[in-house]
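Subject: Structure handover

Hello,

Here is the structure you will be working with. Please open it next to this email and follow along.

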Amino acid sequence: MTTRASEPEQTDSTLPAIQSGKQRPKYMQLVDQLIQKVTQGDVRPGEALPSEHQLCETYQLARTTVRNAMQLLEQQGWITRIHGKGSFVSTKPPLPISKTLDIFAFVLPETRTGFYPSLQRSFEQAAALTQNQVLVCCTENKVDAQGNTILQLIDKHVAGVALVPATVLATPAYQIRQLQQHGIPVVFCHREVKGVQAPLLSIPFREVGLLAGQTLLKHGHESVALFSPHRATAAIEYESGLREALSSRGTSCPEPYIFHGPSSQLHPIDYEQDLLATLEAMFKQPDPPTAIFATFDSLAELIYLLLGKMGLRVPDDVSLIGFGGTVRHGAIQSRLSSITVDEVAIGQKAAELLTLMKEGTLPIDSAEVYSMPINMSEGQTLGPAPQK
């Protein structure tokens, strides 16, 4: 990663020093100062600005910080950059750009269930340590709502955005590029957006399915069903990992034992009747599943209740594994056996990376990938396969 530059002594008596800490991001402070030079007539339209090297020396800034500032000035129409010649003040400079807020935005598909509440809290706590407030935006996992949210965040010119990309439909790259083109850093949580370079805090979805399958096999389960909220990229990876584990024992996960919820519905309760009908059909099969892997804890909780409604005991008649965070709240979730990912660590790391990009010590187009570790929370819904 780029080493953060030491703080400068005052080098220009007519302008304030560029500072760290609670101030605006360094690259935005440089943008402000260069705009001020233009508006005060120190540098006139058509005249050349100092080179990036000279700006680094004058303000004691890292090259990445200066490049971020020049990129934003060009995007806003203040300067024209000519390869091999330098940067020149635009002959038709725009009105002054708006001030950046010391606010990080957290854009989530869900804020009420699963690990999202804990993820949100950890992000807010970590952001507070760097004097950043947090604006939480819920997209209901809809890409159109996410696009409208992003436009509003650009208008407010927030200091950074942590994003769990919407999957209905898949998030288009142009939504995220709009943020980066306006100098707003982005951190992806859980999954990436194809065609965009930004730091990613990745959940290894395939490994989650693999671990679920291996755990069930250890308990003697070879007839396993898979339930996911809808058939997105993550669900395909969960299924791939589960199938890999089962194939190692010479068994499989047949299509009648695969359920993907409707993409138009975010909450399992909205398609409860479909879930119940699917479960009833599965357990009428000659060789019904002895275990179920549900790829989200809230889905696993509803399945737990529906199995009880059908007269099936968990885990005596059928075992149940979910997937969620390490913070286990609620009467059912606290008892649920689940593959877990540390959502608190994800929130903290997202805030840390946004701070580094805000300060200019990490490029906003960094392609760093941080794969978050997974573990098994045994709970009380996992038992040995029943004897036939």
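Below are notes on its pockets and on some points in its backbone.

This is a predicted model, in which local features need pLDDT of at least 70, side-chain atom pairs count only at pLDDT 80 or more, and totals for chains, interfaces and linings use all residues. Residues are numbered from 1 along each chain as its sequence is written, and side-chain values use heavy atoms, with hydrogens and water left out.

Pockets

A pocket is an open set of points on a 1 Å grid over the protein atoms alone, where a 1.4 Å probe fits and protein lies on both sides within 12 Å along at least five of seven lines; lining residues have an atom within 4 Å of a point. Grid points are joined across faces, edges and corners, and a volume is the space filled by probe spheres set on the points.

The largest pocket has a volume of about 860 Å³. Its lining has 40 residues, and Thr167, Arg191, Phe205, Ala232 and Ala234 lie nearest the centre. Helices (H or I, at least four residues) and strands (E, at least two) are DSSP runs, numbered from the N terminus. Domain 2 (103-203 + 344-373) and domain 3 (205-340) each supply at least three residues to the lining of the largest pocket.

The second largest pocket holds about 220 Å³ of space. Among the residues that line it are Thr64, Arg67, Arg177 and Asp365. The largest share of this lining, 5 residues, comes from α3. Because domain 1 (26-89) and domain 2 both give residues to the lining, the second largest pocket lies between them. Domain bounds come from an automatic or database domain assignment.

Backbone

Most residues other than glycine have a negative phi, and most peptide bonds are trans. A cis peptide bond joins Val168 and Leu169, with omega about -10°, and Leu169 is in the loop between β5 (160-163) and α6 (173-181). Another cis bond, with omega about 5°, joins Val314 and Pro315.

Gln131 has a positive phi, near 60°, and sits in the loop between α4 (116-128) and β4 (133-138). His157 also has a positive phi, about 50°. Is His157 buried or exposed? His157 counts as buried because its relative accessibility is 5%, where buried means under 20% relative accessible area, exposed over 50% and partly exposed in between (1.4 Å probe, protein chains only). Gln131, at 45%, counts as partly exposed.

Regards
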